[in-house]
Amino acid sequence: MRGLVDRGFAVTIMHRGEHETDDTPAVVEHLHRDPYDDDQLRDALASSTFDLVVAMYGRLRRIAELTEGRTGQFVSVGGVPAYRGWMNPWLPMPLPIPEDAPLVRAAEDDEKGYRIVRTEEAVFAHHPRAAHFRYPYVYGPRQLVPREWLIVRRVLDGRERIVVADEGLTLHHHGYTENLAHAVLLAVDNADAAAGLVFNAGDEDVLSVRQVIEVVAGTLGHEFDIVSMPYELATPARPLLAQPLPTHRVLDLTRVKTMLGYRDVVPPRTALAETARWLVDHPPEPGGMEETVLTDQFDYAAEDQLIDEWHRTLATMPAVPFATEPGYGLAYSGPGGRGRSNEEFDA
């Protein structure tokens, strides 16, 4: 909204009025309607015409239908579960994922992704020159599902250990609020270049789960003993991983960068630090909506028992001898590499 106001638009925001904030520019007109109520939605739009519609609600199909022929530009926001394999990692999916990657075409593959794809098709049926953005997980102040709280609360609670799956090396694309807003505004600024296209949006730098933990904890002057265990055992790590398997989910941003000139306006490490500090000052209610959606019980007694059992298992696991100990490969080690031991190679 600030970007649109700065560009000289007379901006009206339609929402239910349940999440008002002083950060909303004072010149923005508020239209309080429930977009999930069909009569209210139709009444809100009435016979109005617009230079620009930015549609970000779950009623995207209906909004696209009701604004057909009544707006100069239509920019919409959907989600990356449109890609086949995003929510079901046992299905093949290219990495990084380009916009022309296979989409969910069957409800049995993923019901939510299937509905997202149908919504995208409806958008372009009503607005062939629309610009549509596929958002990944969004983070930043006021996020209603604040994944960083999973780390921040453990810092505030004085936890010294945190569990990760498979060293916490999973890459999962996220987008900081200001970066994603910047991408949308670039489509507004470059309407002809964006017309009729789908764009992946997200931070340029994709951090691993371990890196996210380290940045958030470091921002708050804390250091965790990061305990790695196999995904199958790392139950407390699943809310932060936010997917059924520890596979990578990374978007190809080539199109938005080359066609619209996108670059991060806030580096992800800076964005994470800002988010962590904001959560310290605005902590979610324990056991409230945010924690319920995140599914983390913060059951520290169970976490400690799991970690202790894992360490006990490692300590008592019998050594398994190999005739020749496997190494990391010496294909690029240069002359004389053949036959060296791992210790000699490291030296």
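Me: Where is leucine 144 found?

Reply: Helices (H or I, at least four residues) and strands (E, at least two) are DSSP runs, numbered from the N terminus. Leucine 144 is found in the loop between strand 6 (137-139) and helix 5. This is a predicted model, in which local features need pLDDT of at least 70, side-chain atom pairs count only at pLDDT 80 or more, and totals for chains, interfaces and linings use all residues. Residues are numbered from 1 along each chain as its sequence is written, and side-chain values use heavy atoms, with hydrogens and water left out.

Me: Is leucine 144 buried, partly exposed or exposed?

Reply: Buried means under 20% relative accessible area, exposed over 50%, and partly exposed in between (1.4 Å probe, protein chains only). Leucine 144 is partly exposed because its relative accessible area is 36%.

Me: Which residues touch the most other members of the largest nonpolar core?

Reply: Such a core is a set of buried Ala, Val, Leu, Ile, Met, Phe, Trp, Tyr and Cys residues joined through side-chain atoms within 4.5 Å. Here the largest has 38 residues, and Ile151, Ile213, Val216, Phe224 and Leu272 touch the most other members. Among the elements giving two or more residues to this core are helix 5 (149-156), helix 8 and helix 13 (300-316). Helix 8 gives the most, with 6 residues.

Me: What is the phi of alanine 46?

Reply: Alanine 46 has a positive phi of about 45°, although it is not a glycine. This alanine 46 is in the loop between helix 2 (38-45) and strand 3 (50-55).

Me: Which residues does a cis peptide bond join?

Reply: The bond joins leucine 95 and proline 96, with omega about -10°. Proline 96 is found in the loop between strand 4 (71-79) and helix 4 (111-126).
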